[in-house]
Amino acid sequence: MDQPIPTTLRRVVFLNPKGGSGKSTLATNLAAFYAASGMQTVLMDFDPQASSWRWLKARPSTLAHIHGIAAYERPAGVTRSFHLRLPPGTSRVVVDTPAALEPGEIAEFTRDADAILVPVLPSPIDIRACARCIEHLLTTAKVKRRESRLAVVANRVRPNTLVFHSLIRFLGTLDIPLVATLRESQNYIRAADTGIGLHEMQPERSHPDMAQWVPLVTWVESRGMPASKGVEASA
Ligand SMILES: Nc1ncnc2c1ncn2[C@@H]1O[C@H](COP(=O)(O)OP(=O)(O)OP(=O)(O)O)[C@@H](O)[C@H]1O
Ligand SMILES: [Mg+2]
């Protein structure tokens, strides 16, 4: 993105009760993108598996700082709100959530979110799980389509496969925007191991992946702007 990013606080939640859909991968890469863009960024990991937390621990100290919160921990002697407090000046909060969430927990995680992104893999099982997740978001969590804060990201995509076309057809029936399509790429696996983000890799290596992130970041950054209200409205 060439435009400077506004610094008003924004909370982005990655959520899909289906394991392995890409929540931690997307959360860590978005956090790295924001930090590298000069935003004061917090990465909150609510998953006891701690994938995002471990990624942050592996992050080289030479790279832009990301404030981590191991939100899955319940440390003794401090209140929950103290444990989850944001440092002053925080402008982006990226939230990684666990798999196997109950509908009630989905509502909790999304209540204060400015943007809710559901990563989905192109497979019949993942498509069905995504349908259930979206249903819980719209019913139990009462996320309204007209709020335009809910979108889907197709992850680990091999274009021109039958299953990818099934995913696109399915998303068309949901009336929820598909804001990005990310390919299957070794860069994500390397980034996960080394605590870096795609945007911090050699551009010649990561360029095709970075290009796929532009619509995702653009969509997230336009949430809450007057022009975004009603754009994808239907409910
Ligand atoms: N676009 C991609 N290309 C290649 N590998 C990917 C991609 N996205 C995710 N992966 C890999 O897939 C695996 C699962 O991804 P990830 O851990 O982000 O999923 P998750 O939804 O957070 O899983 P969980 O529900 O267990 O927390 C990881 O090994 C990750 O490196
Ligand atoms: Mg995870």
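## Reading the ligand shell, the sheet and the confidence

Q: How do the residues of the shell around ligand 1 divide into nonpolar, polar and charged?
A: In this predicted model, the shell around ligand 1 has five nonpolar, ten polar and four charged residues. Mind that Gly counts as polar here.

Q: Which residues come nearest to ligand 1, and what makes a residue count as being around it?
A: The cut-off is a C-beta atom, placed from the backbone, within 6 Å of the ligand. There are 19 residues around ligand 1, and Gly 19, Lys 23, Ser 24, Thr 25 and Ala 99 come nearest. As for elements, H1, S6 and helix H7 (186-194) each give two or more residues to this shell.

Q: What makes S1 and S4 a pair?
A: Pairing takes at least two bridges. Strand S1 (residues 10-14) and strand S4 (residues 92-96) are joined by five, so they count as paired. The two strands run parallel, and Arg 10 has Arg 92 in S4 as its bridge partner.

Q: Why are S3 and S7 called edge strands?
A: The sheet is open, with seven strands in the order S3-S2-S4-S1-S5-S6-S7 and parallel pairing. Strand S3 (66-69) and strand S7 (178-183) each pair on one side only, and that makes them the edges. On average, neighbouring strands of the sheet are turned by 20 degrees against each other, ignoring direction.

Q: Which strands does helix H1 touch as it packs on the sheet?
A: Helix H1 (residues 23-36) touches S1, strand S2 (41-45), S3, S4, strand S5 (115-120) and strand S6 (150-157). Its direction makes about 165 degrees with that of S4. Helix H5 (residues 124-138) lies across S5 and S6, at about 160 degrees to S5.

Q: Where is the pLDDT below 50?
A: The mean pLDDT is 92, with 93% of residues at 70 or more. Over residues 227-235, though, the pLDDT is below 50, and this stretch has 17 contacts in the model beyond near neighbours in sequence.

Technical notes:
Residues numbered from 1 in each chain as written. Chains lettered and ligands numbered in written order. Predicted model: local features only at pLDDT ≥ 70, side-chain atom pairs only at ≥ 80, totals over all residues. Helix = DSSP H or I, 4+ residues; strand = E, 2+ residues; numbered from the N terminus. Axes fitted to C-alpha atoms, helices over the stretch in contact; angles between N-to-C directions. Contact = placed C-beta atoms within 7 Å. pLDDT = per-residue confidence, 0-100.
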